[in-house]
Amino acid sequence: MGLKIYLNGKWVPEQQAKVSVFDHGLLYGDGVFEGIRSYDGLVFQLERHIDRLFESAHTLMLKVPLTKRAMIDAVVKTLKVNRLKDAYIRLVVTRGVGDLGLDPRKCGAATVFIIADTIVLYPEKVYRQGMEIVTVPTPRNLPEALNPQIKSLNYLNNILAKIEATNAGVEEALMLSAHGYVAECTGDNIFIIRRGRLVTPPPWAGILKGITRGVVLELATQAGIPVAEEMLTRHDLYNAEECFLTGTAAEIAPIVKIDGRPIGRAKPGPVTRGLMADFRKLTKRAGIRYRPA
Ligand code: PMP
């Protein structure tokens with residue numbers, strides 16, 4: 001049957017869901033996006049994702065042609081028309097169709113599309129045994145130049161890092177800031193447990209402020225685990241008791257080896273496993289509920 005895609009106010013069959021070659025999202029990566037999950041008929045943290053989307057668009061002076069409420073409704077309806085209970089949702093707003101120049105003023109209305117599809121998860125083994133990552137040569141974008149807090153369609157920085165990880169024979173890359181501090185991975189934030197505290201780089205390290213990152217900081221606080229946002233070096237990571245990544249798609253993924261150094265006991269640790277369990281529970285209640293049609 002194929003998917004039904006939301007495109008500029010209508011739900012169309014995926015074969016007809018096309019955008020112009022003059023769309024500046026395609027020509028220049030001029031646009032913003034969100035990746036969202038639904039769990040058993042509940043869109044997890046939908047309002048936070050919509051807020052972040054509008055903040056990214058505001059900084060780029062990109063006018064989103066829907067209100068936040070209408071955007072929420074469009075996401076929910078896209079899930080319903082596709083009869084999806086558990087899904088990955090990609091919400092994209094581009095600058096729209098313009099000419100071959102950069103000037104965004106020449107673009108008409110923004111293009112909005114929403115794809116809801118079944119999810120492809122990391123293999124179960126990653127969660128049971130943990131993952132290996134390596135530090136890659138490409139630093140994360142300078143926040144003074146292009147702030148990684150803008151979730152823009154321009155992901156070349158992360159794609160270069162992903163290629164470097166693949167070339168090194170691992171799934172995921174650790175990206176540093178231009179000054180050599182730990183930033184994040186190509187599509188996930190990073191945390192360590194060190195001397196009993198949960199620590200993650202602050203936004204000013206030049207990272208995307210992940211929704212999952214925020215949720216994990218809250219869950220840890222509720223569990224009585226001391227949390228901190230601090231600049232971290234690779235030395236801090238190598239000598240951590242535990243390490244994990246967070247992201248909408250990955251959820252909480254344990255890291256057991258970095259640059260060849262085993263982390264802690266080189267298996268998912270108790271704090272990570274506790275947070276994974278708490279996160280699982282939260283996916284059953286923190287979001288917007290819908291009834292798949
Ligand atoms: N960092 C980057 C660069 C990302 O692309 C993502 C995922 N979109 C994240 C972190 C994790 O963010 P979230 O928890 O909101 O998915």
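How do the residues of the shell around the ligand divide into nonpolar, polar and charged? In this predicted model, the shell comprises 3 nonpolar, 9 polar and 5 charged residues. Among the 17 residues around the ligand, those that come nearest are Lys-151, Tyr-155, Glu-184, Thr-212 and Thr-248. In terms of secondary structure, helix H6 (211-222) and strand E13 (242-247) each contribute at least two residues to this shell.

For Tyr-155, a side-chain N or O atom is 2.5 Å from a ligand oxygen, and for Arg-52 the corresponding distance between a side-chain N or O atom and an oxygen of the ligand is 2.9 Å. Thr-212 likewise has a polar side-chain atom, which lies 2.5 Å from an oxygen atom of the ligand. Of the 390 Å² of accessible area that the ligand has on its own, the protein covers 94%.

Turning from the ligand to the space that it takes, one finds that this space is the largest pocket, whose volume is about 710 Å³. The pocket is lined by 31 residues, of which Tyr-88, Gly-187, Asp-188, Ala-249 and Ala-250 are the closest to its centre. At least two lining residues come from each of strand E3 (31-39), strand E5 (87-94), helix H5 (156-167), strand E9 (182-185), H6 and E13. By residue class, the lining of the largest pocket consists of 12 nonpolar, 11 polar and 8 charged residues.

Conventions: Residues numbered from 1 in each chain as written. Predicted model: local features only at pLDDT ≥ 70, side-chain atom pairs only at ≥ 80, totals over all residues. Heavy atoms only, no water. Near = heavy atom within 4 Å. Polar contact = N/O pair within 3.5 Å; in protein donor to acceptor, adjacent residues only side chain to side chain. Areas by Shrake-Rupley, 256 points an atom, 1.4 Å probe, with all protein chains shown as cover. 1 Å grid on protein atoms, 1.4 Å probe; cavity = no way out; pocket = protein on both sides within 12 Å on 5 of 7 lines; lining within 4 Å. Sits in = over half its atoms within 2 Å of the grid points. Helix = DSSP H or I, 4+ residues; strand = E, 2+ residues; numbered from the N terminus. Nonpolar A, V, L, I, M, F, W, Y, C, P; charged D, E, K, R; others polar. Points joined across faces, edges and corners; volume = space filled by probe spheres on them.
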